[in-house]
Amino acid sequence: MADCAYCGFKGSVLFEDEKVVAALPSSPVVPGHAVVFPKQHFQIVEQAPDETVSRLFEVANKLSIAMFEGLRAQGTNLIVMDGLGAGQKAPHVAVDVVPRTNGDGLGFTWPSRKLSDEQMGLVETQIKDAMLELSVSAAPVPAADAEWKGREAGKHKEAGEPEMEGEGGEGEPKKPRRRVDPFMRQLRRLP
Ligand SMILES: [Zn+2]
């Protein structure tokens with residue numbers, strides 16, 4: 001799309017492959033705030049194929065770990081503003097990855113700021129270096145994965161916890177989804 005800010009992105013690119021681009025936006029909310037977006041123009045997440053959505057979050061997750069390692073972040077926000085009602089501004093799918101520290105005062109009201117070229121270059125290098133490190137040591141650990149699944153299973157047994165639509169627990173029949181025309185459904189939330 002010719003006038004789309006992401007399709008014509010010109011900023012600092014940290015990583016790219018055939019599906020997605022990871023970059024430093026020109027008006028970040030904190031130093032190191034990065035954005036991942038598909039190379040193809042999709043307005044909202046549901047328009048993107050599963051492989052693209054998977055790749056977006058794979059790359060978003062790597063950026064998050066790079067921020068813990070490269071920027072000494074104490075936490076990160078991986079955020080998608082998906083649709084008009086969620087505050088999405090640019091009509092192109094993007095995952096914001098925001099490094100957090102205790103007392104950073106950021107909350108969820110994000111004033112943007114201008115970085116100097118020096119600050120921008122520094123965070124670019126720190127994240128790129130950390131990403132390079134991750135490319136050889138990012139395999140999932142089986143023990144940690146098993147522990148996580150155990151915790152998730154325990155969580156499902158808690159009384160009164162609401163379940164996501166269509167997500168029955170093990171052994172329970174799946175609830176049928178209500179059929180809605182996908183095009184009409186999307187129209188209500190396009191930015
Ligand atoms: Zn676009």
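This is a predicted model: local features need pLDDT of at least 70, side-chain atom pairs count only at pLDDT 80 or more; totals for chains, interfaces and linings use all residues.

Reader: In what order do the elements run from the N terminus?

Author: The order is β-β-β-α-β-β-α-α-α.

Reader: How much of the protein counts as buried?

Author: Of its 191 residues, 21% count as buried.

Reader: And which strand is mostly covered?

Author: Strand E2, residues 20–24, is mostly covered, with four of its five residues buried.

Reader: What pairs with E2?

Author: Strand E1, residues 12–16, pairs with E2 in the antiparallel sense over four bridges. Strand E3, residues 34–38, also pairs with E2 in the antiparallel sense, again over four bridges.

Reader: Which residue of E2 is the bridge partner of Val 13?

Author: The partner is Ala 23.

Reader: Let us change topic. What about contacts along the sequence: what share joins residues at least 24 apart?

Author: The share is 66%, taken among contacts between residues at least 6 apart in sequence.

Reader: Now the loops, please. Where does Arg 72 lie?

Author: Arg 72 is in the loop between helix H1, residues 50–70, and strand E4, residues 75–79. Its phi is positive, about 60 degrees, although Arg 72 is not a glycine.

Reader: Is Arg 72 buried or exposed, and why?

Author: Arg 72 counts as exposed because it has 11 C-beta neighbours inside 10 Å, and a residue with 12 or fewer is classed as exposed.

Reader: And where is Gly 85 found?

Author: Gly 85 is in the loop between E4 and strand E5, the latter covering residues 95–100.

Reader: Why does Gly 85 count as exposed?

Author: Gly 85 is exposed because 10 other C-beta atoms lie within 10 Å; the cut-off for that class is 12 or fewer.

Reader: One last point. What separates the C-alpha atoms of Gly 85 and Pro 191?

Author: The separation between those C-alpha atoms is 8.3 Å, while Gly 85 and Pro 191 are 106 residues apart along the chain.

How values were computed. Residues are numbered from 1 along each chain as its sequence is written. Helices (H or I, at least four residues) and strands (E, at least two) are DSSP runs, numbered from the N terminus. A residue is buried if 20 or more other C-beta atoms lie within 10 Å of its own, exposed if 12 or fewer, and partly exposed in between; C-beta atoms are placed from the backbone. Two residues are in contact if their C-beta atoms, placed from the backbone, lie within 7 Å. Two strands pair if DSSP finds at least two bridges between them.
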